[in-house]
Amino acid sequence: MSRGKMIGRAMAASGLVWVAGAGAANAQAGNPAYQTYFLSACVGATGPLATLCTASRGGQLSGDSESSLNPNQTSVTGSTALARAQALATVTERRLEGLRDEAADGETAADGALSLFGSVQGEWSEQDRAAFANERGFDGEATRITVGLDYRFSSAATVGASVSFGDYSSDFDANLPGNAFTPQADAGGMDSEDITVTLFGTFALSPQVYLDATAGLGFTDYDLDRNATFQESNRIIPQTNVRATASPDGREYFGSIGIGYDAQMEALSLGPYARLRVTKSRIDSYAESDGGTGLGLRVGKSRNTSLVSILGVRASYAISQSWGVVLPQARAEFEHEFDDDPRATTTSLLLDPARNAFRVTNDRPDRNSFNLGAGLLFVLKNGWMPYVDYEGLVGYRDSNRHRVTAGIRVEF
């Protein structure tokens, strides 16, 4: 018995089993479920897929190939789309925090009610996963450019709008090498470009209490790569490397509402806040192009929803200089996820006329996590206000994220 088969059976015995229903297999930890699925798909396979099925005696895969062919990249794509929607909401929430800090020190600001602003954000993230987890591990990075304007109707109300342009890329972790099995350099990747429009407002309910609100809509173009390796169970014939690509469209929606209290103690501003944020993402269904290997997939639509509560505390301290004011800032947040339950994406091989389905399920997210942030705001003469900000994700299982934002605002 091959090493891959022994691993697969041991995992099945520990509860990672194949569940059949309505002609579909549920992907639990991968290998045993995918082998069962592939045997079914080979029954009526056509074209190049039928050739591979014949070479593998009806679809008998090596254990390493079972893991490699499992298309769990699709579950990461859905999770990442939702995370980007959350990041879009965060950009605007930080913008509203800056508005209040700027208003708290009007000593050097201009008298104009209209302001223009722009920012550049960089993000680096990483997800570690075991070799047989539902999702694959990945390394990702993103950049975002935001421009917009806001208008101060009174000392108690400011509203605005922004447009942001984002670029995201990630590489999935490679499969592990095995017995006569050489994986590709990585398991593929995802690139996306999006444009997002956001409306926002901040309203003073009293000199210390404020209310924030944001709403946004984003449009995304994806370029997806899935790298996999086909190998029959005897590991005799040469393995077949697959590079499958697709370019679906997506949408992101988000909104948040928050309330907070700022206590002013001479140069120090300190206060708690609470926020409720809802984000939704969708990726349209698509068919892969696989270069004629016969292992291209038909992937169903992905719909994802998150509802998060945020409890935080923030502080800033005004340091007067001859040329303006420097405001160091710090914040700590506790996030709790109410929604974003594990969800399934349905896949099937394009050359399987029966459309036997394999459902890929993402991992359950951590319900609780923390964000820590710090920054500097400079309130200069004539209404110029540059800033820089850092935020890090803390306490999320096997994942980390770092964001750095630099921007400027000018009043007229």
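This is a predicted model: local features need pLDDT of at least 70, side-chain atom pairs count only at pLDDT 80 or more; totals for chains, interfaces and linings use all residues.
**Entry 1: the nonpolar patch**

I found a patch of about 670 Å². Its members are Val120, Ile145, Val147, Phe165, Ile195, Leu217, Phe219 and Tyr253. Next I asked which strands each supply at least two residues of the patch. They are strand 4 (138-154) and strand 7 (209-230).

I then picked out Val120, which sits in strand 3 (residues 114-127). Its relative accessibility is 49%. Exposed means over 50% and buried means under 20%, so Val120 counts as partly exposed.

**Entry 2: Ser56**

I moved on to the loop between helix 3 (47-55) and helix 4 (63-69), where I found Ser56. Is Ser56 buried or exposed? Ser56 has a relative accessible area of 0%, so I noted this residue as buried.

I checked what lies around Ser56. A polar atom of the Ser56 side chain is 2.9 Å from the backbone oxygen of Leu52. I set aside neighbours within four places in sequence. Ser56 is then in contact with Phe230 and Glu232.

**Entry 3: strand 21 and its partners**

I went back to strand 3 to see how it pairs with strand 21 (residues 399-411). The two are antiparallel, with 13 bridges. I looked up Phe117 and found Arg409 of strand 21 as its bridge partner.

Strand 20 (residues 384-394) also pairs with strand 21 in the antiparallel sense, over nine bridges. Here Trp384 has Val410 as its bridge partner.

Last, I looked at the hairpin of strand 20 and strand 21. Four residues lie between the strands. In this hairpin, Gly395 takes a positive phi near 80°.

Methods: Residues are numbered from 1 along each chain as its sequence is written. Side-chain values use heavy atoms; hydrogens and water are left out. Patches are made of residues with over 30% relative accessible area and no salt bridge: like charges are joined within 9 Å, nonpolar side chains (Val, Leu, Ile, Met, Phe, Trp, Tyr) within 5 Å. Accessible areas come from the Shrake-Rupley method with a 1.4 Å probe; for residues, only the protein chains shown count as cover. A salt bridge is a side-chain nitrogen of Lys or Arg within 4 Å of a carboxyl oxygen of Asp or Glu. Buried means under 20% relative accessible area, exposed over 50%, partly exposed in between (1.4 Å probe, protein chains only). A polar contact is a pair of N or O atoms within 3.5 Å; within protein, one must be able to donate a hydrogen and the other to accept it, and residues adjacent in sequence count only if both atoms are side-chain atoms. Contact means heavy atoms within 4.5 Å. Two strands pair if DSSP finds at least two bridges between them.
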